[in-house]
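Good morning, colleagues. Please look at the sequence and the structure on the screen while I go through the fold.

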Amino acid sequence: MRLCELREKEVINICDGKRLGCIVDLEFDICAGKIEAVIIPGPGKIWGFLGTECEYVIPFACIRKIGPDIVLVEIQEEKFLHKNSS
């Protein structure tokens with residue numbers, strides 16, 4: 001699966017059914033060649049530009065299913081909402 005295909009999918013938290021948004025970036029472990037985490041703009045952000053300076057950094061291990069239109073994750077939102085480093 002390519003990043004452009006992941007960006008087209010809506011991310012939903014299965015703990016509360018909340019839509020978190022779409023994936024804007026990935027964190028990689030270059031040595032192992034694995035995806036470490038997916039990055040989603042925080043609440044109130046529109047396409048990563050407007051809104052808060054926070055983002056969700058969700059470890060790949062928290063992804064429960066990648067479907068044709070959605071990505072299901074299982075997280076406690078407050079633990080994965082981080083201040084944007086850019």
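**Strands, sheets and a core**

In β7, the residue standing opposite Ile63 is Val73. That pair belongs to strand β6 (residues 63-66) and strand β7 (residues 70-73), which run antiparallel and are joined by three bridges. Two strands are taken as paired if DSSP finds at least two bridges between them. The elements themselves are DSSP runs, numbered from the N terminus: helices are H or I over at least four residues, and strands are E over at least two. β6 and β7 make a hairpin, with three residues between them.

Before I continue, a word on the source. This is a predicted model, in which local features need pLDDT of at least 70 and side-chain atom pairs count only at pLDDT 80 or more, while totals for chains, interfaces and linings use all residues. Residues are numbered from 1 along each chain as its sequence is written, and side-chain values use heavy atoms, with hydrogens and water left out.

How confident is the predictor? pLDDT is its confidence in each residue, from 0 to 100. The average for the protein is 84, and 85% of the residues score at least 70.

Now the overall layout. The protein has two helices and eight strands. Read from the N terminus, the order of elements is α-β-β-β-β-β-β-β-α-β.

Val11 stands opposite Val71 in β7. Strand β1 (residues 10-13) is also joined by three bridges to strand β2 (residues 19-22), and these two run antiparallel. There, Ile12 stands opposite Arg19 in β2. The hairpin of β1 and β2 has five residues between the strands, and Gly17 in that hairpin takes a positive phi near 75 degrees.

The other sheet is also open. Its four strands follow the order β3-β4-β5-β8, with antiparallel pairing. The edges are β3 (25-29) and β8 (81-83), each with a single partner strand, so one side of each is left without a neighbour in the sheet. Neighbouring strands of this sheet are turned by 35 degrees against each other on average, direction ignored.

β3 and β4 pair in the antiparallel sense over five bridges, and Phe28 has Ile35 in β4 as its bridge partner. Their hairpin has four residues between the strands, with Gly33 in the turn at a positive phi of about 70 degrees. Strand β4 (residues 34-41) also pairs with strand β5 (residues 54-59), again antiparallel, over five bridges. In that pairing, Ala37 stands opposite Pro59 in β5.

Which residues have the most contacts inside the largest nonpolar core? They are Val11, Leu20, Ile23, Ile40, Ile58, Val73 and Ile75, in a core of 15 residues. β4, β5 and β7 each supply at least two residues of this core. A nonpolar core is a set of buried Ala, Val, Leu, Ile, Met, Phe, Trp, Tyr and Cys residues joined through side-chain atoms within 4.5 Å. Buried means under 20% relative accessible area, exposed over 50%, and partly exposed in between (1.4 Å probe, protein chains only).

Not counting residues up to four places away in sequence, Ile40 touches Val11, Leu20 and Ile58, among others. A contact means heavy atoms within 4.5 Å. Of the 86 residues in the protein, 34% are buried.

Finally, a residue outside the sheets. Glu8 lies in the loop between α1 and β1, and counts as exposed because its relative accessibility is 65%. Glu8 and Pro68 are 60 residues apart in sequence, with 9.4 Å from C-alpha to C-alpha.

Notes:
Axes fitted to C-alpha atoms, helices over the stretch in contact; angles between N-to-C directions. pLDDT = per-residue confidence, 0-100.
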